[in-house]
Amino acid sequence: MASFIGLQSVYIVALLGSLLLTYHVPVLVEGRMDMATRLTQEEELNIERQLGILNKPPTKTIHAPWGDTYDCIEFHKQPTFDHPLLKHHKIKMNEEFLSTNSTKTSMNQVDRCLKGTVPIRRTTRGDFIRAKLSSNAQADQYRAGVSYQTKLDETIHGASGIFNVWNPSVNRDQFSSAEIALQSGSLEQTNVIKYGWRVDPQLYGDDVTRSFAYWTADGGKSTGCYNTLCYGFVQTHSVYTPDMHFSKMSEIGGEQVMLSVQISLDKLEGKWWLTLGENIQIGYWPKELLPGFLPGATSVFWGGRVKSGEDGSSPPMGSGQPVSAYVADAGSVDTLQYINMNNKSLKPEKTEDTIDCPEHYEAEYYPDHNILHFGGRGGPKCK
C-alpha cells in the first residue's frame, strides 16, 4: 500500500557565488569531502561574515536527528527578505498564511517553531565550500521524462504530480533526482522553478534522500539557488521546509513511498506556491524575482535528472532499474496535471519525450493511466 506524503549544479550564485573566494582542493576521506580545507585567515573571516548575514539570530534552535540544524526565525526577518527586489514585498501575517498543518507524512519533520517564526536550515562553513565545488564542476546533466508545452497565447499557472521516492547510489561528485519543473522566458533569461527529491553529496554533504526546491531567473548564470541557501524562497510553514529528510524509501517490488507536490500561481498576488499533498503550503517564490513568469510559465517537465561525475560516468536514476510496466520497479510520476489560465487542473493531452542519454536512461508515459515511468542504471560517459 502506497504511503502518500504531502508535499541545479549552479548555482548557488546570486549570493554565494559572490561571497566565495578561491579555495584549495579538498582532501577526500573515506569517499567524503573533508571540510578542513586550507583557507587563509582572510578567507575564514569572509566566511564568518557571510554566515552571520545568512544565519539570523533565532528564537529557537532545532537539532534534527538526521544531522541538520534549523533556526526558528521571525517570519519577516528570514534571509530572503534581504533581497533588494523584495524591499517593498507585501507580507501578510496571519494564521492562514503561517501554516501549522501537522498532517503526518513519510518525511522526518522538525519540531514546531514558535508562533510567528519559521524554520530555516542553518548554513554551515561546509555548505559554502561544497557550493564552490559544485559551481566549479564541469559535468553534464541528463533528464528522462516528459514535457508539456503551451500553445500560442496560452500560459501555465501551475503543475502537479505524485513521485515515488528512492535512494539511488551516487558518488560524491554526482547527483540523482526526480523533479517537477516549470519554465518560461527567453533563452538568455530562462526562468525556472522546480521541486522534488534528490540525493546530492555536494548540496547536502551526505547521500541521504531529501526534498529540494530551486529557482533561477536567467538559466542559472548569475541568479538562483536551492532551498534557502540564498535569497528567493519564502518559508511560511512552521514545521515543513523545502529541504526535508525522508524517513523511509520505496522498495523494488514492494511498498512505495510517494511525494505529492503542486506548484501553483496565486494570480492576485503573483506568488508561486509550493504545496505538499492537498493543503500543506511550505512557502512560495515571489513574482519580483521571476519576471519571465509574467503572466505564466510556458512548459512543464516531469521526470528524473542526474549529474555525471568528473570522470563522465553518470549515476542510477529512480530505482536504478530499467523502465518496466510495474510502478514498484522504476521511478514514477502519477497523476500528471497542469493548471491552465482558468485555474483548472488538466491532464496533459500531448507530451513530448525528453530523454537526454538513451543509452543509460529511459522514460515511458502511459496516457491512459496518466502515469510516467522513468529510470536507468547509469554508466560510462554518454555519447
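Predicted model: local features only at pLDDT ≥ 70, side-chain atom pairs only at ≥ 80, totals over all residues.
Let's start with helix H2, which covers residues 41-54. Its 14 residues reach 20 Å from the first C-alpha to the last, close to the 20 Å expected at 1.5 Å a residue. Which residues of H2 are buried? They are Glu 43, Asn 46, Ile 47, Gln 50, Leu 51 and Leu 54. Looking down the axis of H2, you'd find these buried residues within an arc of 135 degrees, so they line one face of the helix. Over on the other side of H2, Gln 41 and Glu 42 are exposed.

Next up is Gln 174, which sits in the loop between strand S9 (158-164) and strand S10 (175-184). Is Gln 174 buried or exposed? With a relative accessible area of 3%, Gln 174 counts as buried, because the cut-off for that is under 20%.

Leaving aside residues up to four places away in sequence, Gln 174 touches several others, including Val 199, Asp 200, Pro 201, Lys 307 and Pro 315.

Three strands make up an open sheet, in the order S4-S5-S7, with antiparallel pairing. Strand S4 (60-63) and strand S7 (117-121) are the edge strands, each pairing on one side only. On average, neighbouring strands in this sheet are turned by 30 degrees against each other, direction ignored. Zooming in, S4 pairs with strand S5 (residues 69-74) over four bridges, in the antiparallel sense. Thr 61 stands opposite Asp 71 in S5.

Key: Residues numbered from 1 in each chain as written. Heavy atoms only, no water. Helix = DSSP H or I, 4+ residues; strand = E, 2+ residues; numbered from the N terminus. Expected span 1.5 Å × (residues − 1). Buried < 20%, exposed > 50% of the residue type's maximum accessible area, 1.4 Å probe, protein only. Arc of directions from axis to C-beta. Contact = heavy atoms within 4.5 Å. Pairing = 2+ DSSP bridges. Axes fitted to C-alpha atoms, helices over the stretch in contact; angles between N-to-C directions.
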